[in-house]
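Visitor: I have a protein model open and would like to learn how to read it. Can we go through some features together?

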Amino acid sequence: MGELVNGVWKDNWYDTEKTGGKFVRTTTKFRNWITADGSAGPSGDDGFKAEAGRYHLYVSYACPWAHRALIFRKLKGLEDMIDVSVVHPDMLGDGWTFSTDFDGATGDQQFGLPFMRDVYIRADPQVSGRVTVPVLWDKQRDTIVSNESAEIIRMLNSAFNDLTGNTDDYWPEELRDDIEEVNARIYDTVNNGVYKSGFATSQEAYDEAVHALFDSLDWLEDRLSRNRYLIGDRVTEADWRLVTTLFRFDPVYHTHFKCNRNFLRDYPNLWGFTRELYQWETPNGRVADTVHFDHIVRHYHYSHDTVNPHRILPINPILDWEAPHGRENVGA
Ligand SMILES: N[C@@H](CCC(=O)N[C@@H](CS)C(=O)NCC(=O)O)C(=O)O
């Protein structure tokens, strides 16, 4: 794993020395928005109009942030309009690669490049920063639209509606304040909280992160005992943002990242909620089709030298993802 400095690859692990052992996630760099008419979004340039076949999505099936984008592509019926490249699950000295010797790893479907970093360099030969997924690529302007999953899912939520006729809305105007409020806590303590626990290099940093994580899981369990979904009786982006972390909890974060006060399956409401969203039907198949446990388990245990230096893949619990979720009457 490493990062780009002025277009040159440096093989560095996360530096936690300056931050008292804490893992601090860097902010993303490409922040343009696809819009229905090509006008500028909340940040970046204009000129990224929603068009069928114009955009390409780079993902890892292992990555919870990229997984959000894959779920929205399915929910919104965009699979024929936005094609995808899937990186290899192992992220080692060269970062994400386009090796194809793992089932489901597609290689770079656009340019046949060897490494994900080459896609970043193609967009900006002097680019600096971490080479992360997801990346949304514009074939017409030959550049990256965005590498920020929170913003990519909002683009996919509405920008292509006129082309697909799919007007399902996971960020409805009247619920935005409530969504933002739960997103903020979940991002900091759950989505990123598992990484802060797992990548901590001091006891204090770990303790702070892991307690905040389980305080939030307790809060979510209570909330989901009264509401079917996070914001009531309607699925919103807040649910999809949370659930990609929950899918990975028992197979990876519990053991690999030392998030082990409880298993997810110890929480009846959170576990039922996670199964309901796993089993979710869309017009184009199930959300379950986007979940690839082989990539998930392989990526984390194989890629994090400092956490699991011998790269042993654990036996892992056998979870019944298809068990009835029993959530029909919660909050009714
Ligand atoms: N803020 C980004 C974060 C994406 C991210 O950190 N992705 C991870 C994979 S799970 C990654 O590519 N990490 C590579 C690295 O940090 O070098 C987003 O949500 O899109």
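Visitor: Which residue stands opposite Asp138 in strand 7?

Guide: Remember that this is a predicted model. Asp138 stands opposite Thr143. Strand 6 covers residues 135-138, and strand 7 covers residues 143-146. The two run antiparallel, joined by three bridges.

Visitor: What do strand 6 and strand 7 form?

Guide: They form a hairpin, with four residues between the strands. Look in the turn for Asp142, where phi is positive, about 55°.

Visitor: Now the domains. Where does the domain assignment place domain 1 and domain 2?

Guide: The assignment gives 3-164 for domain 1 and 174-283 for domain 2. Their centres, taken over C-alpha atoms, are 23 Å apart.

Visitor: How many residues does the contact take from domain 1 and from domain 2?

Guide: Interface size is often given another way, as the accessible area lost when the parts come together. Here we count residues. Domain 1 gives 16 residues to the contact, and domain 2 gives 18.

Visitor: Which elements of domain 1 give two or more residues to the side that touches domain 2?

Guide: They are helix 1 (64-75) and helix 3 (149-158). Helix 1 gives the most, with six residues. By class, this side of domain 1 has six nonpolar, six polar and four charged residues.

Key: Residues numbered from 1 in each chain as written. Predicted model: local features only at pLDDT ≥ 70, side-chain atom pairs only at ≥ 80, totals over all residues. Pairing = 2+ DSSP bridges. Domains from an automatic or database assignment. Contact = placed C-beta atoms within 7 Å. Nonpolar A, V, L, I, M, F, W, Y, C, P; charged D, E, K, R; others polar.
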